[in-house]
Amino acid sequence: MSEPAWMSDPPAGADSGVSSSGAEPAKPKAAVGAGMCSTMYACCAACITPRCFKRFLSLWNVVMSGMMGLCSVMTITNVDEANDTDDLFVSLYNFIFAFLLCSYEVTKYFPYPTLHNMLRRYFGFLFFSFSRSTYLVFCAFLQFGLNAPGSCKQSDDDACVDDKDVNNNWLGIMTGLCLLLEALLVVGVQFKSPHMLKEEAKQELPPGQPPGGDLEVSNPPV
């Protein structure tokens, strides 16, 4: 009398997930793609450390500050009529905003307690990622109203040719778009990977200054 099928031993390889031919079953394509994406994200996260990302932002802000100052100088040099006083004042304000951004970044790596404390007291929004992004957006729209490098001016030898197809403020527009791109990048990183910019303001306090305390200049320990 033969045994029932449920009492007989299972064939070899049935529990191990290996077919009778000896080949392993193919993995779903979705799982393979997800594994590749997770591996690439892990590699990027391992390569781009918070310190490296902050240094990149600092260097980028210094370059953008230089571009803002250059756009301001070019716009001022193109002011030749009494009706261009609005461009003059916008350029001066833009130069001041560029100086503030550059000073904030430079004092990170070349400490100057007096300037650092003044920035933190009166321009504390620079020390937080979201408020600094708003400041960058504001500066970006200022660039759109400048006149850099300006229109071509006729010279005595008529060597200058005015190209109507080229915007007179192409340098300012490029600078403004770069500032907008940085603002979007900082906001995106803050939402996606907040640890990259975590406690940024607390780490940039002057030596010996507690968070949220008085911002008087403190003498560093000898």
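This section describes the helices of a predicted model, their packing, and selected residues.

The chain contains seven helices and zero strands. Read along the sequence, its elements follow the order α-α-α-α-α-α-α. Of the 222 residues in the chain, 30% are buried. Among contacts with a separation of 6 or more, 72% are between residues 24 or more positions apart.

Helix α2 (50-77) has 28 residues and reaches 41 Å from its first C-alpha to its last, close to the 40 Å expected at 1.5 Å a residue. Helix α3 (residues 85-109) has 25 residues, which should span 36 Å at 1.5 Å a residue; the end C-alpha atoms of α3 are 37 Å apart, in agreement with that value. For helix α6 (residues 170-192), the 23 residues should span 33 Å at 1.5 Å a residue, and the end C-alpha atoms are 33 Å apart, which agrees.

The buried residues of α2 are F53, K54, L57, S58, N61, M64, S65, M68, G69, C71, S72 and T75. In α3, burial applies to D87, S91, N94, F97, A98, L100, L101, S103, Y104, E105 and T107. These lists include charged side chains, among them K54 in α2 and both D87 and E105 in α3.

Packing was then considered for pairs of helices that involve α3. Two packed helices are described by the angle between their axes and the distance between the axes. For α2 and α3, the angle is about 155 degrees and the axes are 8 Å apart. The two helices α2 and α3 are therefore roughly antiparallel to each other, and their crossing is left-handed. By class, the residues in the contact of α2 with α3 are twelve nonpolar, eight polar and five charged.

Helix α3 also packs against α5 (129-143), at an angle of about 150 degrees and with the axes 10 Å apart. The crossing of α3 and α5 is left-handed. On the α3 side the contact is formed by V90, N94, F97, L100, L101 and Y104, which meet R132, Y135, L136, F138, C139, L142 and Q143 of α5. This contact of α3 with α5 has ten nonpolar, two polar and one charged residues.

The axes of α3 and helix α4 (residues 113-122) come within 10 Å and cross at roughly 125 degrees. That angle makes α3 oblique to α4. The crossing of α3 and α4 is again described as left-handed. The contact involves L100, S103, Y104 and T107 of α3, together with L115, H116 and L119 of α4. In the contact of α3 with α4, four residues are nonpolar, three are polar and none is charged. L100 and Y104 of α3 take part both in the contact with α4 and in the contact with α5, and L100 and Y104 are among the buried residues of α3.

In helix α6, the buried residues are L171, G172, T175, G176, L179, E182, A183, V186, V189 and Q190. The elements that cover these buried residues of α6 include α2 and α5. L179, which lies in α6, has a relative accessible area of 0% and is therefore buried. Apart from neighbours within four places in sequence, L179 is in contact with M64, M68, L136, C139, A140 and Q143. The C-alpha atoms of L179 and L136 are 5.8 Å apart, although the two residues are 43 residues apart in sequence.

Two loop positions were also examined. I48 is located in the loop between α1 (29-47) and α2. With a relative accessibility of 42%, I48 counts as partly exposed. Leaving aside neighbours within four places in sequence, I48 is in contact with F53 and M196. I48 and M196 are 148 residues apart in sequence, and their C-alpha atoms are 9.1 Å apart in space.

A148 and P149 are joined by a cis peptide bond, with omega about 0 degrees. Most peptide bonds are trans.

Definitions and conventions:
Residues are numbered from 1 along each chain as its sequence is written. This is a predicted model: local features need pLDDT of at least 70, side-chain atom pairs count only at pLDDT 80 or more; totals for chains, interfaces and linings use all residues. Side-chain values use heavy atoms; hydrogens and water are left out. Axes are lines fitted to C-alpha atoms, for helices over the stretch in contact, and angles run from 0 to 180 degrees between N-to-C directions. Helices (H or I, at least four residues) and strands (E, at least two) are DSSP runs, numbered from the N terminus. Angles under 35 degrees count as roughly parallel, over 145 as roughly antiparallel, 65 to 115 as roughly perpendicular and the rest as oblique. A crossing is left-handed if the near helix is turned anticlockwise from the far one by less than a right angle, and right-handed if clockwise. Contact means heavy atoms within 4.5 Å. The expected span of a helix is 1.5 Å times one less than its number of residues. Buried means under 20% relative accessible area, exposed over 50%, partly exposed in between (1.4 Å probe, protein chains only).
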